[in-house]
Amino acid sequence: MRITDIQRCEVRPGRLVEWTLDPAAVEAATGLPDDSRPPAYIQESHIRTARTVREDGLFVPTWLGAAFDIPGRVDLDVLGEALRGWMLRHETLRSGFRWSGDDMRRFTLDARDVALHRETVGDFTDAEALVRHLEDRFDVTADALRWPNFLFAAVVRDDGASVYMAFDHSNVDAYSVYRIPAEIHELYTAGLEGASAERGPVGSYVDFCRTERASADEMDATDEIVGRWREFIGRCDGRLPNFPLDLGLDPEGELPRQKLMHEMLVDADDAAGFEACCRPFGGSLVGILAATSMIVHEIGGQPVYRTVVPFHTRRKSQWMDSVGWYVGGAPVEIDTARTSDFQSLLRVVSDQLRANRSLSRMPLARVLRLLGADFRPTSPDLYSIVSYVDARAVPGSERWTELKAYGLIRVSYGDQVCAWVNRLHEGLQFAGRYPDTDIAYKNMQLYVEQLREVIVSVARS
């Protein structure tokens, strides 16, 4: 599934239909008692950041989504039941938060009260107008500071339909999004046949939030993990690291708009060759980080590349099929200037990941709170990332190209670089959002071109 934005996911004209949570279900939620299960630290940090940025006068959409086709004439009643059935499997989608003073309190709608309301919006003959409408609807509906914060839509044509689903980031991560097309197809196909899709129970992200938070709250400021983060942040001049290239930012300026950069880096053969070279050191993630550290050293002169590497926290099988935001971060420092060749750099990166990956199990928001520093966020991204995911094992991934399946990100505002490298059946895809400045564009183009060159060189060596 390629990562892109709503403008670049092959939106085609047709009749637009939307599903939202039924007004009666929304009304029922207003009277619900508090759910004792707390938000995950990453959820709380995300929602508080959204509130802070909004109070500063800026509306910053941060939704994620999925787009995919359903071939053939579509039965909207069956599709609606498939969407509802999928939603019922994932408790976090019917769970939200309200404020009590400065505290976030969870509430969760009972599965029996979940109903979707379908509305036909109308016919769109112009793809650009349809894209603008979808983005505007997703911005308003899949918003961190409202509930419910998701929207399902379908653009229906005689030969099939394109489904679009958007969620506030607090409820989903990339892996959650990757699994959507196959699961909806399975439920829809079963519904057409008058059968029920035989799927086992799935773990609740809401339960995971309680377990993870209870573990994190056992840690205090004297914990070794807190000390290691304190030292790392100290070496980053007291801040979490940004991408170490000139992005043309004005330190006193407003939060800049962002742009999207996305393209295929290499084909399947070169991706396989690169993986083979990196496998003895831990795989392609190690290689991508090694290549990045080498490139930013050459472009920007930074002798040490410091970054926070995202890792999933689905360590138990019960969470593997669950929709939620199962992501933590580990601090990594790569001393590029002291390595003589790429293989030596692979070894350095491998050692760093092995030494620090366990730190990703502790929510960074909890660590920052214990550090006592003023990390009042002014940007939706606390730090820059370079992420790598091998998505080929995701169920249904072999059909993603056929079904025009995309993972959607909202590119709006931010002063950080967030880059994703995805291993697909077709090869390696790059997607990144970066501040919309001429300098950032030039340096990001240089980074991507050199990343491709390094991967090809290593793959064919």
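At roughly what angle do the axes of helix α8 and helix α12 cross? In this predicted model, the axes of helix α8 (residues 224-235) and helix α12 (residues 364-371) cross at roughly 80° and come within 10 Å. Helix α8 is therefore roughly perpendicular to α12. The contact between these helices involves Ile225, Val226, Trp229, Arg230 and Ile233 on the α8 side, which meet Leu364, Val367, Leu368, Leu370 and Leu371 of α12.

A second helix pair was examined in the same terms. Two packed helices are described by the angle between their axes and the distance between the axes. For helix α9 (residues 268-278) and helix α13 (residues 438-460), the crossing angle is roughly 70° and the axes come within 7 Å. This angle makes α9 roughly perpendicular to α13. From α9, the residues Asp270, Gly273, Phe274 and Cys277 meet Ile455, Val456, Val458, Ala459 and Arg460 in α13.

The strands were considered next. An open sheet is formed by seven strands with mixed pairing, and their order is β1-β13-β3-β8-β7-β2-β6. Strands β1 (2-4) and β6 (116-124) are the edges, each pairing on one side only. From one strand to the next, the twist averages 20°. Within this sheet, β13 has partners of both senses: β1 and β13 run parallel and are joined by three bridges, whereas β3 (residues 64-71) and β13 (residues 406-409) pair in the antiparallel sense over four bridges.

The structure contains 15 aromatic pairs. One of them, between Trp86 and Phe152, is edge-to-face, with 6.3 Å from centre to centre and 70° between the planes. This pair links distant parts of the chain, as Trp86 lies in helix α3 (residues 76-89) and Phe152 lies in strand β7 (residues 150-157), 66 residues apart. Both Trp86 and Phe152 are buried. These two residues belong to one aromatic cluster together with Phe150 and Phe167.

Two arginine side chains also lie over aromatic rings. The charged end of Arg51 sits over the ring of Trp99, at 3.8 Å from its centre. Arg213 lies over the face of Tyr41, likewise with a value of 3.8 Å from the ring centre.

Several loop residues were then examined individually. Val114 lies in the loop between β5 (103-108) and β6. Because its relative accessible area is 2%, Val114 counts as buried. Neighbours within four places in sequence aside, Val114 is in contact with Leu21, Arg84, Met87, Leu88, Arg94 and Leu109. Of these residues, Leu21 is 93 residues from Val114 along the chain, yet the C-alpha atoms of the two are separated by 7.3 Å.

Glu91 is located in the loop between α3 and β4 (95-100). With a relative accessible area of 15%, Glu91 is also buried, since the cut-off for burial is under 20%. When residues up to four places away in sequence are not counted, Glu91 touches Arg37, Thr108, Ser204 and Val206.

Most residues other than glycine have a negative phi, and most peptide bonds are trans. Against this background, a cis peptide bond joins Trp147 and Pro148, with omega of about -5°. Pro148 is found in the loop between α4 (127-141) and β7. Glu10, although not a glycine, has a positive phi of about 60°, and a positive phi of about 60° is also found at Asp237, again not a glycine. Glu10 lies in the loop between β1 and β2 (14-21), while Asp237 is placed in the loop between α8 and β9 (258-267). The relative accessibility of Glu10 is 36%, so Glu10 counts as partly exposed. Asp237 is exposed, with a relative accessible area of 64%.

Notes. Residues numbered from 1 in each chain as written. Heavy atoms only, no water. Pairing = 2+ DSSP bridges. Helix = DSSP H or I, 4+ residues; strand = E, 2+ residues; numbered from the N terminus. Axes fitted to C-alpha atoms, helices over the stretch in contact; angles between N-to-C directions. Buried < 20%, exposed > 50% of the residue type's maximum accessible area, 1.4 Å probe, protein only. Contact = heavy atoms within 4.5 Å. Phe/Tyr/Trp six-rings, centres within 6.5 Å; stacked < 30°, edge-to-face > 60°. Lys NZ or Arg CZ within 6 Å of the ring centre and 35° of its normal. Parallel < 35°, antiparallel > 145°, perpendicular 65-115°, else oblique.
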